[in-house]
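Hello,

Here is the structure for your files. My notes on the contacts follow below it.

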Protein chains: 2
Amino acid sequence: MIDTQDFVAARRLIRRYANLTPICTSSSLDAICKAEIVWKCESFQKVGAFKFRGAINAVFSLPKEEAARGVATHSSGNHAQAVALAAKMAGIPAHIVMPENAPPVKVAAVKGYGGKVRFCPPTLEAREAGQKKVIEETGATFIHPSENLRVITGQGTALLELLEQAPELEAVLVPVGGGGLASGSARAAALFHPGLKVYGVEPEQADDAWRSLTTGKLVRPEHPDTIADGLRTALGPNTFSILSQHLAGIVTVSEQAILDALRLIWERMKLVVEPSAAVPLAAFLENKVPELTGKRVGIILSGGNVSFPEWS
Amino acid sequence: MIDTQDFVAARRLIRRYANLTPICTSSSLDAICKAEIVWKCESFQKVGAFKFRGAINAVFSLPKEEAARGVATHSSGNHAQAVALAAKMAGIPAHIVMPENAPPVKVAAVKGYGGKVRFCPPTLEAREAGQKKVIEETGATFIHPSENLRVITGQGTALLELLEQAPELEAVLVPVGGGGLASGSARAAALFHPGLKVYGVEPEQADDAWRSLTTGKLVRPEHPDTIADGLRTALGPNTFSILSQHLAGIVTVSEQAILDALRLIWERMKLVVEPSAAVPLAAFLENKVPELTGKRVGIILSGGNVSFPEWS
């Protein structure tokens with residue numbers, strides 16, 4: 001289990017290598033949500049998402065000889081970029097297995113951070129086979145995007161920082177995909193801020209965590225299909241276990257509420273965030289957390305990686 | 001002429017009523033621009049634009065009896081919202097003359113800030129007639145969006161704040177529309193930071209300031225047509241005079257460069273800004289200010305008011 005000292009060590013590493021992201025407030029969104037909300041802008045984190053925290057913690061915690069053989073992961077999203085940049089900062093290779101049909105802009109981003117990209121056919125089996133092969137060939141250490149305990153610890157530093165910046169908070173809402181951010185936050189809160197309630201919010205159309213936590217049994221997602229593309233992933237045994245123990249509650253939100261929330265954050269707060277980051281606000285729009293009315297609530301804006309169309 | 005004491009008084013007022021907007025940096029945009037850029041985020045100002053500074057200064061500088069009769073302006077943009085909110089904060093009425101075809105979202109914004117909207121036919125003559133009528137009926141004071149000297153002074157506080165936050169800057173780039181921000185900034189720099197160079201940047205397709213300043217004679221715009229809708233307005237005698245005296249240079253940029261710059265700010269900086277705010281970056285993209293290569297440069301991101309399409 002992750003303990004206090006793990007978080008203290010992670011905070012020290014992350015203070016050195018990551019951005020101390022700002023918090024902000026919006027009186028117009030407070031009026032809509034009927035709560036006092038403090039927004040933690042992980043969109044301004046390096047690589048544009050909280051994922052950099054976990055990657056830094058996992059990469060820099062490796063023993064020297066193990067680190068020298070490099071790290072590997074399979075992802076087409078923010079975790080791939082985060083591992084690539086963390087490895088670059090550590091001076092070690094990062095092998096990223098990506099599907100052949102990954103968007104060129106994401107491939108370019110990983111390469112831009114110095115990652116070595118290996119393509120595989122776009123199936124889960126091919127991806128896992130590609131991953132296995134690269135690890136056999138290089139001896140690299142696999143960094144799972146959400147099950148790795150160092151990754152979970154690193155993500156939890158977002159909540160610890162938020163509470164340093166806004167110690168008066170009574171609850172924090174985080175989006176749930178693979179559960180790394182949610183479980184890191186919930187565990188960190190339990191250890192450092194025992195009175196603080198951490199809620200998870202998930203798209204209705206990718207509700208494996210909601211189903212797992214409400215039934216008490218880890219289930220696999222059934223055809224996750226949501227605009228919040230960062231949340232299509234599923235809980236694993238580690239995140240499921242931590243969330244079962246520490247989460248104050250989990251709610252789901254509709255696609256329309258996510259779109260409405262995204263638009264509000266862009267238009268009112270003037271922040272570019274990705275759809276996954278809008279999911280906690282969607283819970284307020286659909287009044288899924290009535291117990292938070294009038295409360296001081298933190299929301300972690302998980303990331304800001306959006307591709308806009310070419311204009312000309 | 002605006003002097004040191006005017007700025008000192010404006011700073012005092014604005015510190016009390018406006019947001020101290022943050023600055024930020026982007027290593028990826030620095031690499032593209034080959035300069036060290038500090039961005040002043042007026043998109044996070046109240047009403048989403050620097051215009052609130054000038055409005056506060058103009059409204060709160062009025063003698064008591066004059067203020068009691070209210071203020072008036074004609075605008076369909078950020079200035080209208082800024083005057084409406086400043087008047088609301090001062091507890092006086094604001095009469096805003098808007099064309100019948102103004103976007104409903106802008107009308108709603110002005111009303112949301114407590115402004116009294118009067119519609120007029122969508123012609124310059126009708127607008128000026130409507131303005132005259134409301135002033136005759138109410139005795140309200142007209143607040144011109146760029147020629148009013150208190151407005152110009154208020155806008156200049158954006159530069160003063162930026163230099164407090166980043167005293168090492170060697171030059172500052174600002175967009176030029178009516179010239180209120182540019183002339184306020186250039187005058188403030190001349191008084192408080194005599195070594196600092198202030199440059200104006202204008203769309204090629206709305207280049208009245210460039211033509212006026214390069215020929216030394218105030219000209220009217222010829223069919224301004226640019227995506228940077230905040231910059232379609234023209235210089236007047238006051239802004240022309242101040243800019244003639246204090247501006248280090250003025251350059252123009254293409255529509256494509258504005259679009260490219262807008263996209264870069266959204267994607268790389270994760271900031272929602274309006275097209276007008278992207279114009280100074282466009283000058284770097286087109287290498288219009290080669291003398292700033294390697295320099296420490298401030299850019300004022302003038303505003304963030306963009307309407308996104310309805311999603312469903």
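Contact here means heavy atoms within 4.5 Å. This is a predicted model, in which local features need pLDDT of at least 70 and side-chain atom pairs count only at pLDDT 80 or more, while totals for chains, interfaces and linings use all residues. Residues are numbered from 1 along each chain as its sequence is written, chains are lettered from A and ligands numbered from 1 in the order in which they are written, and side-chain values use heavy atoms, with hydrogens and water left out.

Domains of chain A

Chain A is assigned domain 1 (4–50 + 148–311) and domain 2 (52–142); the bounds come from an automatic or database domain assignment. The centres of the two domains, taken over C-alpha atoms, are 24 Å apart.

On the domain 1 side, 27 residues are in contact with 17 residues of domain 2. About 1,700 Å² is buried between these domains, with 60% of that area from carbon and sulfur atoms. Buried area is the accessible area (1.4 Å probe) that two parts lose on being put together, summed over both. Within domain 1, A:Y17, A:V47 and A:R150 lose the most area to domain 2, and together they make up 37% of what that side buries.

The rule finds 2 salt bridges across the domain interface, a salt bridge being a side-chain nitrogen of Lys or Arg within 4 Å of a carboxyl oxygen of Asp or Glu. The side chains of A:R53 and A:E42 form a salt bridge at 2.7 Å, N to O.

By class, the domain 1 side has 10 nonpolar, 10 polar and 7 charged residues. Ala, Val, Leu, Ile, Met, Phe, Trp, Tyr, Cys and Pro count as nonpolar, Asp, Glu, Lys and Arg as charged, and the others, Gly among them, as polar.

Chain A against chain B

Between the chains, 22 residues of chain A are in contact with 22 residues of chain B. The two chains bury about 2,000 Å² between them, 61% of it on carbon and sulfur atoms. The side of chain A that touches chain B has 11 nonpolar, 7 polar and 4 charged residues.

Regards
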